[in-house]
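Try each task before reading its solution.

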Amino acid sequence: RDGEHNSVWYDSNQLTVQKEHTFWMSRSPSVPGTSFDEVTGRVVNCLLLRPKPSILVVDIFFCSTHLPSGNKTRQLMSVDVISEQFKLFHREFTTQGGEQLMLVSGDFNAVPGSATHTAMIEKGFVDARSISKEKRDISGYSPTTNDWHGAKDEMIDYLWIYNYKTGSNMSVNSVKHEQISIDNERTASDHKMVLVDLTLNGYA
């Protein structure tokens, strides 16, 4: 079925793929192309990545997605699906041993303080901005959208960290919102890039 792509791009010189996983934000997450009664499917694409050489001893589970716009009920149900899938993988990783950094990113179509943003936090996810060493209030960050369509600019794009614990071997150094410009008048997207500088076990 027609649907969204939500690619995960990675540097193959630095990382190797250990596992691939795709699920859909729907009542049947394993069924391709499904959603919560939308015309198109709502996909979440994930990779389990391992640094090479494996000096970090930390695998990175990274997912990319896009939550529906304008329907808070669908957003909250989508958060439930993401949470359940992350619980399953966290349980699997814990059984296998080792250390994993679990991340999900994308356009969540929800501003800080909204019901969807709050639900993510209640499910054990942390907005990378909230633990950045920059120590900036969330309200101090610029919007992640631009006025491509004349709409109000808002902060709706995130990198979420799952099961983060204070004092862990992971830290967030900075979070930046960067515009991708084609020329002086045009931009490549109606969203900015969310660039997160992380340090793992002392390696940036």
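**Exercise 1. A charged pair**

With which residue does Glu38 form a salt bridge, and how far apart are the closest N and O atoms?

*Solution.* Keep in mind that this is a predicted model.
- Step 1: the partner of Glu38 is Arg42, and the closest N and O atoms are 2.9 Å apart.
- Step 2: look at the surroundings of each residue. Glu38 has a relative accessible area of 18%, so it is buried. Arg42 is buried as well, with a value of 8%.
- Step 3: widen the view. A search of the whole structure finds eight salt bridges.

**Exercise 2. A salt bridge within a helix**

Find the salt bridge partner of Glu84, then work out how the two residues are placed in the helix.

*Solution.* 
- Step 1: Glu84 pairs with Lys87, with 3.4 Å between the closest N and O atoms.
- Step 2: both residues belong to helix H1 and are three residues apart, which means that about one helical turn separates them.
- Step 3: Glu84 is partly exposed at 42% relative accessibility, and Lys87 is partly exposed at 35%.

**Exercise 3. An arginine with two kinds of contact**

Describe the contacts of Arg129 with Asp127 and with Tyr141.

*Solution.* 
- Step 1: the side chains of Arg129 and Asp127 meet in a salt bridge, 3.3 Å from N to O.
- Step 2: the charged end of Arg129 also sits over the ring of Tyr141, 6.0 Å from the ring centre.
- Step 3: examine that ring again. Arg136 lies over the face of Tyr141 too, at 4.0 Å from the ring centre.
- Step 4: Asp127 has 4% relative accessibility and counts as buried; Arg129, at 2%, counts as buried.

**Exercise 4. The disulfide**

Which cysteines form a disulfide, and what is the handedness of the bond?

*Solution.* 
- Step 1: the count of disulfides comes to one. The bond joins Cys46 and Cys63, whose sulfur atoms are 2.1 Å apart.
- Step 2: locate the two ends. Cys46 is in strand S2 (residues 43-51) and Cys63 in strand S3 (residues 58-66), so the bond ties together parts that are 17 residues apart in sequence.
- Step 3: About the S-S bond of Cys46 and Cys63 it is about 110 degrees, so the disulfide is right-handed.
- Step 4: Cys46 is buried, with a relative accessible area of 3%, and Cys63 is buried with 0%.

**Exercise 5. Aromatic geometry**

Classify the ring pairs Phe86 with Phe125 and Tyr158 with Trp160.

*Solution.* A pair of aromatic rings is described by the distance of the centres and the angle of the planes.
- Step 1: the count of aromatic pairs comes to ten. In the pair of Phe86 and Phe125, the centres are 5.3 Å apart and the planes are at 65 degrees, so the arrangement is edge-to-face.
- Step 2: this pair links distant parts of the chain, with Phe86 in helix H1 (residues 72-96) and Phe125 in strand S5 (residues 125-127), 39 residues apart. Phe86 is buried, with a relative accessible area of 1%, and Phe125 counts as buried at 1%.
- Step 3: the pair of Tyr158 and Trp160 is stacked, at 5.1 Å centre to centre and 25 degrees between the planes. Tyr158 is buried at 3%, and Trp160 counts as buried at 1%.

**Exercise 6. Positive phi**

What is the phi of Lys135, and what is the phi of Asn163?

*Solution.* Most residues other than glycine have a negative phi.
- Step 1: phi of Lys135 is near 55 degrees, a positive value in a residue other than glycine. Lys135 is in the loop between S5 and strand S6 (157-162) and counts as exposed at 75% relative accessibility.
- Step 2: Asn163, also not a glycine, has a positive phi of about 60 degrees. Asn163 is found in the loop between S6 and strand S7 (170-178) and is partly exposed at 34%.

**Exercise 7. A surface patch**

Which residues make the nonpolar surface patch of about 230 Å²?

*Solution.* 
- Step 1: the patch is made by Ile180, Met193 and Leu195.
- Step 2: take Met193 as an example. Met193 lies in strand S8 (residues 193-200) and is partly exposed, with a relative accessible area of 36%.

Notes. Residues numbered from 1 in each chain as written. Predicted model: local features only at pLDDT ≥ 70, side-chain atom pairs only at ≥ 80, totals over all residues. Heavy atoms only, no water. Patch = residues over 30% accessible without salt bridge, like charges linked within 9 Å, V, L, I, M, F, W, Y side chains within 5 Å. Areas by Shrake-Rupley, 256 points an atom, 1.4 Å probe, with all protein chains shown as cover. Salt bridge = Lys/Arg side-chain N within 4 Å of Asp/Glu carboxyl O. Helix = DSSP H or I, 4+ residues; strand = E, 2+ residues; numbered from the N terminus. Buried < 20%, exposed > 50% of the residue type's maximum accessible area, 1.4 Å probe, protein only. Phe/Tyr/Trp six-rings, centres within 6.5 Å; stacked < 30°, edge-to-face > 60°. Lys NZ or Arg CZ within 6 Å of the ring centre and 35° of its normal. Disulfide = S-S within 2.5 Å.
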